[in-house]
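Please keep the sequence and the structure open while reading.

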Amino acid sequence: MLTIHSDEYYMQQAYKQALLAFESGEVPVGAVMVCNQQIIARAYNQTERLQDVTAHAEMVAITAAENAIGAKYLNECSLYVTLEPCVMCAGATYWSQLKKIVFGASDPKRGFGRLNENILHPKTQLVPGIMEVECRDLINQFFKKLRK
């Protein structure tokens, strides 16, 4: 049974953002930022729409969350993202001092873990594999559609 305030619940919310990205022709990655059991930011990849290589879901969510709480440090916040963050996004989570990162599918080609798992802030808790199958299937479906 799915309960509110669970990792699975928040990942479902991130997945909904990934679906918006998919429908917009963006790589389907979605993210939500949670602080004190409240979603304070929702985001999805917008690199094509904004013509900005840094407009990853995580980066957009971090900026929105910082604006929402009026601070640059997110040490009481958790990021839920459907795909393992890349090195750029992992670096941003380091500087924002996130409390926790939960991701769905791993990214063996571009994920931060491929290069160095120590890129995360030492106090950041990492929870991989929540809704992994659904998140990976959505990414695979997007790229299969793109290749046609």
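Predicted model: local features only at pLDDT ≥ 70, side-chain atom pairs only at ≥ 80, totals over all residues.

**Helix α6**

The face of α6 that points away from its buried side carries Lys144 and Arg147, both exposed.

- Cys135, Leu138, Ile139 and Phe142 are the buried residues of α6.
- Viewed down the axis of α6, these buried residues fall within an arc of 95°, so they line one face of the helix.
- In general, an α-helix has 3.6 residues a turn, so residues three or four places apart point the same way.
- The cover over the buried residues of α6 includes α1, β3 and β4 (100-105).
- The length of α6 agrees with expectation, because its 16 residues at 1.5 Å a residue should span 22 Å and its end C-alpha atoms are 23 Å apart.

**Helix α3**

- Within α3, the residues Ala57, Glu58, Ala61, Ile62 and Ala65 are buried.
- These residues cover an arc of only 125° around the axis, which puts them on the same side of α3.
- Among the elements that cover the buried residues of α3 are β1, β2 (38-44), β3 and α4 (87-96).
- For α3, 13 residues at 1.5 Å a residue should span 18 Å, and the end C-alpha atoms are 18 Å apart, which agrees.
- Gly70 follows α3 and has a positive phi, near 70°.

**Largest pocket**

- The largest pocket holds about 620 Å³ of space.
- It is lined by 20 residues, of which Leu83, Asp107, Arg110, Ile139 and Phe143 are the closest to its centre.
- Which helix gives the most to the lining of the largest pocket? Helix α6 (residues 132-147) does, with four residues.
- By class, the lining of the largest pocket consists of nine nonpolar, five polar and six charged residues.

**Second largest pocket**

- The volume of the second largest pocket is about 170 Å³.
- Its lining is made up of His5, Asp7, Tyr10, Val34, Cys35, Asn36, Gln37, Glu76, Ser78, Tyr80, Lys99 and Lys100.
- At least two residues of this lining come from each of α1, β1 (30-35) and β3 (77-83).
- The lining of the second largest pocket divides into four nonpolar, four polar and four charged residues.

- His5 is not a glycine, yet its phi is positive, at about 75°.
- His5 sits in the segment before α1 (7-23), and it also belongs to the lining of the second largest pocket.
- Is His5 buried, exposed or partly exposed? With a relative accessible area of 38%, His5 is partly exposed.
- Gln51 is another residue that is not a glycine but has a positive phi, of about 50°.
- The position of Gln51 is in the loop between α2 (47-50) and α3 (57-69).
- Gln51 counts as exposed because its relative accessibility is 65%, where the cut-off for exposed is over 50%.

Definitions and conventions:
Residues numbered from 1 in each chain as written. Heavy atoms only, no water. Buried < 20%, exposed > 50% of the residue type's maximum accessible area, 1.4 Å probe, protein only. 1 Å grid on protein atoms, 1.4 Å probe; cavity = no way out; pocket = protein on both sides within 12 Å on 5 of 7 lines; lining within 4 Å. Points joined across faces, edges and corners; volume = space filled by probe spheres on them. Nonpolar A, V, L, I, M, F, W, Y, C, P; charged D, E, K, R; others polar. Expected span 1.5 Å × (residues − 1). Arc of directions from axis to C-beta. Contact = heavy atoms within 4.5 Å.
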